[in-house]
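Biologist: Before we start, could you show me the chain that we are going to talk through?

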Amino acid sequence: MYQILVVDDERIERNGIKMLLRHMQLPCEIAEAANGRDALEYLKEHTADILLTDVKMPFMDGIQLIEECKKDDRNEDMKCVIFSGCSEFDYARKAVRLGVSDYILKPVDPSEFK
């Protein structure tokens with residue numbers, strides 16, 4: 001069973017991603033966090049196979065979250081995917097350097113997400 005952590009400061013976005021995941025009928029447990037700081041706190045006590053995160057959030061953005069996750073050996077196998085309304089090249093470049101699996105623009109296209 002996959003452990004998936006969905007991180008976005010917008011509840012409607014988190015709910016949309018969770019709905020897509022359930023629709024795909026993957027064997028998974030889904031946790032959520034409203035920002036990078038809360039996600040990092042969650043990951044101190046739990047593990048995640050997949051981190052799905054927005055970029056622009058208060059307290060700690062998605063790029064900073066991924067950077068911090070990479071420092072912890074427990075997260076070395078965790079796949080990271082960014083979904084964001086921000087198409088700025090600098091964010092995408094940083095994501096690639098961090099080994100992000102994908103960078104999906106919002107609004108999320110269900111077929112691309114799958």
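**Reading the fold**

Modeller: The protein chain holds five helices and five strands, where helices (H or I, at least four residues) and strands (E, at least two) are DSSP runs numbered from the N terminus. This is a predicted model, in which local features need pLDDT of at least 70 and side-chain atom pairs count only at pLDDT 80 or more, while totals for chains, interfaces and linings use all residues. Residues are numbered from 1 along each chain as its sequence is written, and side-chain values use heavy atoms, with hydrogens and water left out.

Biologist: What percentage of the residues in the protein chain is buried?

Modeller: A residue is buried under 20% relative accessible area, exposed over 50% and partly exposed in between, with a 1.4 Å probe and protein chains only. Of the 114 residues in the protein chain, the buried ones make up 43%.

Biologist: Are helix 2 and helix 3 roughly parallel or roughly antiparallel to each other?

Modeller: Two packed helices are described by the angle between their axes and the distance between the axes. The axes of helix 2 (residues 36-45) and helix 3 (residues 62-70) come within 9 Å and cross at roughly 20 degrees; axes are lines fitted to C-alpha atoms, for helices over the stretch in contact, and angles run from 0 to 180 degrees between N-to-C directions. Angles under 35 degrees count as roughly parallel, over 145 as roughly antiparallel, 65 to 115 as roughly perpendicular and the rest as oblique. Helix 2 and helix 3 are therefore roughly parallel.

Biologist: Is Gln-25 buried or exposed?

Modeller: Gln-25 lies in the loop between helix 1 (11-23) and strand 2 (28-33), and has a positive phi of about 55 degrees although it is not a glycine. Because its relative accessibility is 69%, Gln-25 counts as exposed.

Biologist: Where is Phe-59 found?

Modeller: Phe-59 is not a glycine, yet has a positive phi of about 75 degrees. At 60% relative accessibility Phe-59 counts as exposed, and its place is in the loop between strand 3 (50-53) and helix 3.
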